[in-house]
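Dear colleague,

Please find below a structure that I am handing over to you. My notes on what was found in it follow directly after.

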Amino acid sequence: MNFLIFAFPVVAFFSGVFFGYSICRKEDEGKNKRLWVRMERRNIMRTINALVSAIDFKDHLTKSHSDKVRQYAGLLAEKMGVPKEEIATIKEACQLHDLGKIGVHDYILTKAGKLTEKEWNEIKSHSLAGAVILKPFHFLSKVVKIVRQHHERYDGGGYPDGIKGDDITLGARIMAVADSYDAMVSKRPYKDPMSIKKAVEEIARNRGKQFDPRVVDIFLKVQAENPELFKNIGDKYSEPRPKE
Ligand SMILES: [Fe+2]
Ligand SMILES: [Fe+2]
């Protein structure tokens with residue numbers, strides 16, 4: 001009996017120590033795993049962003065285009081009440097949306113004259129190419145979807161899949177407005193920049209055709225209330241790239 005009185009607290013003590021140790025070990029393993037995943041993701045994003053910079057060098061006139069699209073789309077998403085996490089995904093997709101242009105010939109990207117049908121088809125391949133490049137990175141699956149769909153049209157006349165309406169993911173519908181607006185008000189090898197007034201009219205004219213009407217309504221509202229937010233800031237754009 002005396003032995004039991006002595007043994008019971010000793011056994012209970014060591015069991016407690018062992019139990020506590022295994023919990024701490026499991027927590028440490030979990031923390032290490034999360035840290036490893038974060039580091040791996042950061043390194044991958046650095047590599048991908050380096051590829052995006054390579055496109056900037058290929059086509060200096062579209063330099064900072066991705067940054068501006070990211071800024072405009074982020075703003076529109078915020079005004080539409082999109083959840084924070086989804087806004088982060090949309091912004092990440094904007095940064096990478098034209099990545100597939102890495103596979104387009106330089107002479108086509110910088111051609112001043114009219115594109116032939118073959119050249120135009122090569123340009124059009126970039127949204128699918130971008131998605132294919134990013135597909136192996138599973139943590140980017142939502143980003144891949146937006147990149148693939150960023151040239152789809154609300155009326156179904158876009159590419160590469162010709163999907164329409166709400167079948168196009170919201171991020172891609174938002175990005176379509178931001179991307180087209182920036183392309184219109186920026187200089188390109190084949191055109192001078194369009195005035196902001198004309199570009200806004202063009203976005204409004206394509207409400208329900210190329211663009212989701214809800215995104216257009218928000219764009220028109222925000223642009224009318226605060227035109228500064230959609231001023232073409234050209235290559236002077238200085239918002240830092242997203243934290244990797
Ligand atoms: Fe594009
Ligand atoms: Fe673009």
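**Findings**

Of the 244 residues in the chain, 32% are buried. Please bear in mind that this is a predicted model. The average pLDDT of the chain is 86, and 83% of the residues score at least 70. One stretch calls for caution: over residues 234-244 the pLDDT is below 50. In the model, this stretch has 15 contacts beyond near neighbours in sequence.

As to the overall architecture, the chain contains 10 helices and zero strands. Its pattern along the sequence accordingly reads α-α-α-α-α-α-α-α-α-α. Where contacts in the chain join residues at least 6 apart in sequence, 65% of them link residues at least 24 apart.

Helix H2 covers residues 65-79, which amounts to 15 residues. From its first C-alpha to its last, H2 reaches 21 Å, close to the 21 Å expected at 1.5 Å a residue.

How many of the 15 residues of H2 are buried? The number is 12, so H2 is largely enclosed by the rest of the structure. Just after H2 comes Gly81, whose phi is positive, at about 80°.

With kind regards

Notes:
Residues are numbered from 1 along each chain as its sequence is written. Chains are lettered from A and ligands numbered from 1 in the order in which they are written. This is a predicted model: local features need pLDDT of at least 70, side-chain atom pairs count only at pLDDT 80 or more; totals for chains, interfaces and linings use all residues. pLDDT is the predictor's confidence in each residue, from 0 to 100. Two residues are in contact if their C-beta atoms, placed from the backbone, lie within 7 Å. Helices (H or I, at least four residues) and strands (E, at least two) are DSSP runs, numbered from the N terminus. The expected span of a helix is 1.5 Å times one less than its number of residues. A residue is buried if 20 or more other C-beta atoms lie within 10 Å of its own, exposed if 12 or fewer, and partly exposed in between; C-beta atoms are placed from the backbone.
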